[in-house]
Amino acid sequence: MPLRLLLGPANAGKVERLLDLFVESLEVNAHLVVPNRRDVESAEHELLGRVPCMFGGWIGTFDDLFSLVAPPGARSRQLSDAQQRLLLRETLRRTDLGEYAASARHDGLLDPLGATLADIETAHVEPAELSTPLAAIQQAYRERLSQLGITDRSQLQGDAVDRLQSDRAAWDGAPVFAYGFEDLTGAQWGLLEALAARTDVTVSLPYEPGRRAFAALGRMAGDLANLSRDNAERLQPSEWGQKAALAHVERRLFEDPVELGEAGSAPSLSQGAPPIDGAIGLLEAAGTRAVLELVAAELGQLLEQGVEPGRIAVVCPDVERVRRPLEFVFRAFDLPFAIEQGERFSSTPLGRALVRLLRYEWLEGSRGDLFGFLRSRYSGLARARVDFVEGRLRGRMIRQRERVEEQTIHHLGSSVEALDVLREAGGPVDAARVLSAYMLSVASDTSHPVASVALERDIAAQQTLTRTLDDLEGWSALGGTVEARDVVAALERARLRGVRNDPDRIAVIDLLRARTRRADAVVVLGMEEGAFPRRSVDDPLLGEARRRELEEAMPRRRLSRPDPLAWERYLFYSVCTRARNRLVLAREAATDDGRPLEPSPFWDDVRVLFPQREIEAATQRRPLSALSWPIERAPTLREQLRSIAAVARDDPPAARALAATKGWARRIDRALTAFDRSTEIRSDAALARFREQSTFSVTDLELFGDCSSLWFIDRCLSPREIDAKVDARLRGSIAHQALYRFYAGLPKQLGVDQVPAERLEEAIVFLLECVSDALSGQSRIDLSELERLELESGLRRDLEQFVRSDVALGLPLVPRRFEVAFGSDRAPAELQRGLQLGDFSVSGKIDRIDVDPFSAYGMVHDYKSGRAHTAARIEADGRLQIPLYVLALRDLLGIEPVAGLYRSLSGEREARGLLRADHKDDLVPGLSSRDYLVDDEFWAIVDGAADRARAAVSRIREGSVRHDPRDGCPSWCDRWSMCRIERP
């Protein structure tokens, strides 16, 4: 008997008509087929609104219908998704894969392979019709299923169709009604045909001939029309209680402009458009969070207007991409919402901690995997303790797995109990069960109380874990092998069951779920180019061209897919027609880092339907620079306070007046005084410590002169990055040590005090040995082999060029003393008192001292990783190191200074500083003429540096810390957020 077809555009009443027919057939046990399980509940509510109660009928999905028709017992023998992946992997291992061999080494091939095999099985494509190796894979897969006496989803569907076609007892004649299907698979189409031959079948399809919005459904509509033998009921569009602007969108979306009005006038889709009248909103913002905040504010307004949460839908082209930021923003705005797509098990707190520990133990995981578990509440360790241990490891760049575990146990003082539990367990599946049980027992301990919401998430995650591990055990029972990596892969892919329709929560749904959902308000996210329409990817195993060839060989097959753009166009049309009162489109105008994003073409397809002035009035924009809301639109109390604080920056009286209306006067006053707060040190304890301090480092005093705020932060607060890295400080430390080894070892290694030009190459060999020794002697951090090679090669290059330039200078003074410390406990006894400058002394370390072997003259060298300072810059910039080192050379070591040089270790490797002109010819020739000073100028700079040191100590003892960076805040300074200096 012919199939009955209900056709019409969106909101034409097709589903209502189909449900009316279903109710009329309840006495004969009618069957209703809906798209997914959530629609089962929706259909039940719809039907109970029509009849007080139902004593007959059946409602389910196509999968339920296949199971109903399939041979008895077939359902119990069906593989789960996790089991099918293991079977596919086993099949790949046993098959000659040819061109797929390289890809098969990774599990990424399993997903497209499973989808392709399902398509060709439901389309009844035989291996002989396929090219190798896909044909060999299909044949081996079939044989393995037969050997195990099991079936998969596609084979069960095929068996159900075969039984329905051949067994009269397979169906009792009950009529079938179906809606919400715009693209049937081969098996679904076969089932529909078989049912239409045996009973009354009624199908609802959204379709209107000639419209671009329905182009993707043209083939489906034609096939159903042929099957119905023109037994089609065409329903006319209705406004379904929509606002006129939304009805206009339904009629005109994706249509070609038509001539309206007099001849010669420009065609326009907006001609004759009704007023938007609040029916459509457009949101543009820079960054994902900013867009979601605009959306959250929109939803908050809808709720304030009395719209029930269950009558609002937020549609996402890719739910997983926005899940985390959406949850964060919606919770911050206190919105009731439910994401209907099930969360990944590995994204839950329990799943994330479990998977990370399993990856660490079984898959040679990283330090981050181990501490990702330890930091969770399932480890039984206090967070502060874990952070301390991780900080120690990160501070030393310890990343090798053996060293990570060794040092973790050392700092914790005991082994990691969870690892012990895991290692003592049996096989991978049992180990995962035992570990999860241990983790839950730790998390539920009375000393670690958890909120009920967290407990509910743990229970849902544990149910998913149990279900997944049961599937893996079922595969083992069939004789299959389950490896450790299979357990990890299965858990990473597993999803929690999605939430059901909740009338008290805003529904966050994907595009497919949105097709059958009606709402008073619909918000569509992802209206950027590339996000929607989504980029299509051709099947790597069975391309679209080959699919069409196979269909041509047997037209009843359904292997080819609709045009991707046409399909996305239809989905967007469906989403836009779901709203009764308001449709909101939201897009990112730029990324979080400011990169512009083009709008989706669908965005413009809606904009052209209305006059430009109305579209602009309906559009809200929030640029990247808008860190707070306009005060009149701030959606939450927190955002209102931020808005008032933003006003306070430019108009304090207005901000105080606004704050007073909210009772926030004290908060704003505190915020305003933060800009004018004194930077002087006022702590009695700190001031007492500074006044009692008798020794000050020369580098500290120089830093104080550069910027007293920077000195206070770096030297007193001493913030440090937790991750050690190969930076200028580490390179400089190793370079200093290598040069110390080199110059100190020259007499023993080469028998000379300084490198003669004729033995330079021999000295370079020794220098490179010193670099390697200095690098291997550092134990502060653990370097990877690549980092070590990169650091060593850079140091070798720089220091070799430095020694060559040192020889080229031809200084007659001989390097004699190295790393000479003074003013500290580590200094020689005669130098521990430091350089006396009144009631305090200065400490420091001179990198190198060269002396004249025939007299008491000497010069100091200070190695620099950057540029060397000239004599003029030393005085102008208030440099202290070289002048005070010159003073220490004279007053502490009893050597008459003739020069003090900054020696650059990289770049041009300059030697600049203070030089006494009286000794230019005999002791320090060949340097820059601008650095030679007569004795009065030389000692004036040295004495000036001593005076600046005294002034700095006086200020330190007074606690005089100011915002006083020399020549403005430098670009390299990263302390501006702590010292509160406003940067340009």
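Visitor: Let's start with V40: buried or exposed?
Guide: V40 is buried, because its relative accessible area is 14% and the cut-off for buried is under 20%. Keep in mind that this is a predicted model.

Visitor: Okay, and which helix does V40 lie in?
Guide: V40 belongs to helix α2, which covers residues 37-48.

Visitor: What is V40 in contact with, leaving aside its neighbours within four places in sequence?
Guide: V34, I59 and G60 are the contacts of V40 once those neighbours are left aside.

Visitor: Where's L892 relative to V40?
Guide: The two are 852 residues apart along the chain, and 92 Å separates their C-alpha atoms.

Visitor: New topic. At what angle do α3 and α9 pack?
Guide: About 60 degrees, with the axes 11 Å apart. Helix α3 is residues 62-69 and helix α9 is residues 186-196. Angles of 65 to 115 degrees would count as roughly perpendicular and those under 35 as roughly parallel, so α3 and α9 are oblique to each other.

Visitor: Is that crossing left-handed or right-handed?
Guide: Left-handed, as α3 passes α9.

Visitor: Which residues meet there?
Guide: From α3 you have F62, L65 and F66, and from α9 there are A187, Q188, L191, L192 and L195. Sorted by class, the contact of α3 with α9 has seven nonpolar residues, one polar and no charged.

Visitor: Let's look at another pair. How do α34 and α35 pack?
Guide: Helix α34 (residues 760-777) and helix α35 (residues 785-809) pack at about 145 degrees, and their axes are 10 Å apart. The crossing of α34 and α35 is right-handed.

Visitor: And which residues make the contact?
Guide: On α34, they include L760, E761, I764 and L767. On α35, R788, L791, E792 and L795 are among them.

Visitor: How many of the residues in that contact are charged?
Guide: Six are charged in the contact of α34 with α35, alongside 11 nonpolar and two polar.

Visitor: Last topic, confidence. What does the protein chain average?
Guide: The average pLDDT is 88, and 96% of the residues score at least 70.

Visitor: Where is confidence lowest, and where is it highest?
Guide: By helix and strand, the lowest mean is 71, in helix α5 (residues 101-104), and the highest is 96, in strand β8 (residues 312-316).

Visitor: Which residues have a pLDDT under 50?
Guide: Residues 259-266 stay under 50. For that stretch the model has eight contacts beyond four places in sequence.

How values were computed. Residues numbered from 1 in each chain as written. Predicted model: local features only at pLDDT ≥ 70, side-chain atom pairs only at ≥ 80, totals over all residues. Heavy atoms only, no water. Axes fitted to C-alpha atoms, helices over the stretch in contact; angles between N-to-C directions. Helix = DSSP H or I, 4+ residues; strand = E, 2+ residues; numbered from the N terminus. Parallel < 35°, antiparallel > 145°, perpendicular 65-115°, else oblique. Left-handed = near helix turned anticlockwise from the far one by under 90°. Contact = heavy atoms within 4.5 Å. Nonpolar A, V, L, I, M, F, W, Y, C, P; charged D, E, K, R; others polar. pLDDT = per-residue confidence, 0-100. Buried < 20%, exposed > 50% of the residue type's maximum accessible area, 1.4 Å probe, protein only.
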